[in-house]
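Student: Can we go over the aromatic rings in this one? I'd like to take them pair by pair.

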Amino acid sequence: MEQKISQIQKEYLEKIKKATGLKQLDEIFLALFGKKGQLNLLPKEFGKLSSEEKHKISPLFNKIKLELEKEIEKVRERVREDSYQQIV
(Lines give C-alpha, C1' and ligand atoms only; values in the text may rest on other atoms or scores of the structure.)
Protein backbone atom coordinates (compact mmCIF):
# COMPACT_ATOMS: atom_id res chain seq x y z
CA MET A 1 0.00 0.00 0.00
CA GLU A 2 2.85 2.36 0.86
CA GLN A 3 4.41 1.72 -2.53
CA LYS A 4 1.09 2.35 -4.28
CA ILE A 5 0.66 5.71 -2.52
CA SER A 6 4.23 6.73 -3.33
CA GLN A 7 3.74 5.75 -6.97
CA ILE A 8 0.60 7.89 -7.22
CA GLN A 9 2.50 10.79 -5.63
CA LYS A 10 5.42 10.51 -8.02
CA GLU A 11 3.26 10.07 -11.13
CA TYR A 12 0.93 12.97 -10.39
CA LEU A 13 3.59 15.40 -9.19
CA GLU A 14 5.23 14.94 -12.60
CA LYS A 15 1.93 15.52 -14.39
CA ILE A 16 1.20 18.61 -12.28
CA LYS A 17 4.60 20.14 -12.98
CA LYS A 18 4.22 19.52 -16.72
CA ALA A 19 0.72 21.04 -16.88
CA THR A 20 0.57 24.23 -18.89
CA GLY A 21 -3.10 25.15 -18.62
CA LEU A 22 -5.98 25.26 -16.20
CA LYS A 23 -7.85 22.60 -18.16
CA GLN A 24 -4.98 20.14 -17.71
CA LEU A 25 -4.83 20.92 -13.99
CA ASP A 26 -8.58 20.40 -13.65
CA GLU A 27 -8.28 17.02 -15.37
CA ILE A 28 -5.44 16.03 -13.03
CA PHE A 29 -7.44 17.22 -10.02
CA LEU A 30 -10.44 15.12 -11.07
CA ALA A 31 -8.24 12.09 -11.75
CA LEU A 32 -6.99 12.36 -8.17
CA PHE A 33 -9.91 13.73 -6.16
CA GLY A 34 -12.99 13.15 -8.30
CA LYS A 35 -15.69 10.60 -7.44
CA LYS A 36 -13.65 7.82 -9.04
CA GLY A 37 -10.29 9.49 -8.48
CA GLN A 38 -7.16 7.67 -7.39
CA LEU A 39 -7.10 9.27 -3.94
CA ASN A 40 -10.82 8.84 -3.38
CA LEU A 41 -10.79 5.11 -4.08
CA LEU A 42 -7.64 4.30 -2.14
CA PRO A 43 -9.08 4.66 1.41
CA LYS A 44 -11.63 1.97 0.56
CA GLU A 45 -8.72 -0.47 0.52
CA PHE A 46 -7.66 0.56 4.04
CA GLY A 47 -10.24 -1.83 5.49
CA LYS A 48 -8.10 -4.74 4.36
CA LEU A 49 -5.10 -3.49 6.35
CA SER A 50 -4.17 -4.44 9.88
CA SER A 51 -4.51 -1.85 12.63
CA GLU A 52 -0.73 -1.29 12.67
CA GLU A 53 -0.62 -0.78 8.92
CA LYS A 54 -3.51 1.70 9.08
CA HIS A 55 -1.65 3.76 11.69
CA LYS A 56 1.36 3.80 9.40
CA ILE A 57 -0.46 4.38 6.09
CA SER A 58 -3.10 6.94 7.13
CA PRO A 59 -0.67 9.77 8.01
CA LEU A 60 1.34 9.08 4.85
CA PHE A 61 -1.82 9.13 2.75
CA ASN A 62 -3.02 12.40 4.31
CA LYS A 63 0.40 14.02 3.85
CA ILE A 64 0.59 13.06 0.17
CA LYS A 65 -3.02 14.09 -0.45
CA LEU A 66 -2.35 17.52 1.05
CA GLU A 67 0.93 17.86 -0.88
CA LEU A 68 -0.78 17.11 -4.19
CA GLU A 69 -3.61 19.56 -3.44
CA LYS A 70 -1.11 22.32 -2.60
CA GLU A 71 1.00 21.61 -5.68
CA ILE A 72 -2.05 21.81 -7.96
CA GLU A 73 -3.06 25.12 -6.38
CA LYS A 74 0.48 26.48 -6.69
CA VAL A 75 0.64 25.63 -10.40
CA ARG A 76 -2.87 27.04 -10.94
CA GLU A 77 -1.69 30.34 -9.48
CA ARG A 78 1.39 30.30 -11.71
CA VAL A 79 -0.72 29.62 -14.81
CA ARG A 80 -3.13 32.41 -13.87
CA GLU A 81 -0.25 34.84 -13.31
CA ASP A 82 1.32 33.87 -16.65
CA SER A 83 -2.01 34.42 -18.40
CA TYR A 84 -2.44 37.77 -16.70
CA GLN A 85 1.09 38.84 -17.71
CA GLN A 86 0.31 38.03 -21.35
CA ILE A 87 -2.77 40.23 -21.23
CA VAL A 88 -0.97 43.20 -19.70
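**Aromatic pairs and charges over rings**

Tutor: Searching the whole structure turns up two aromatic pairs. Keep in mind that this is a predicted model.

Student: How is the pair of Phe-29 and Phe-33 arranged: stacked, tilted or edge-to-face?

Tutor: Phe-29 and Phe-33 are tilted. Their centres are 4.9 Å apart, with 40 degrees between the planes. Stacked would need planes under 30 degrees apart, and edge-to-face over 60.

Student: Where do Phe-29 and Phe-33 sit?

Tutor: In helix α2, residues 22-33. They are four residues apart there, so about one helical turn separates them.

Student: Buried or exposed, that Phe-33?

Tutor: Phe-33 is buried, with a relative accessible area of 14%. Phe-29 is partly exposed, at 29%.

Student: OK, next pair. Why do Phe-46 and Phe-61 count as edge-to-face?

Tutor: Because their planes are at 85 degrees. The ring centres are 5.4 Å apart.

Student: Which parts of the chain does that pair link?

Tutor: Distant ones. Phe-46 is in the loop between α3 (38-41) and α4 (51-87), while Phe-61 is in helix α4. The two are 15 residues apart.

Student: And are Phe-46 and Phe-61 buried or exposed?

Tutor: Both Phe-46 and Phe-61 are buried.

Student: New topic, charges. What lies over the face of Phe-29?

Tutor: Arg-76, at 5.3 Å from the ring centre. Phe-29 is also the ring that pairs with Phe-33.

Student: What about the face of Tyr-12?

Tutor: Lys-15 lies over that one, 4.7 Å from the ring centre.

How values were computed. Residues numbered from 1 in each chain as written. Predicted model: local features only at pLDDT ≥ 70, side-chain atom pairs only at ≥ 80, totals over all residues. Heavy atoms only, no water. Phe/Tyr/Trp six-rings, centres within 6.5 Å; stacked < 30°, edge-to-face > 60°. Buried < 20%, exposed > 50% of the residue type's maximum accessible area, 1.4 Å probe, protein only. Lys NZ or Arg CZ within 6 Å of the ring centre and 35° of its normal.
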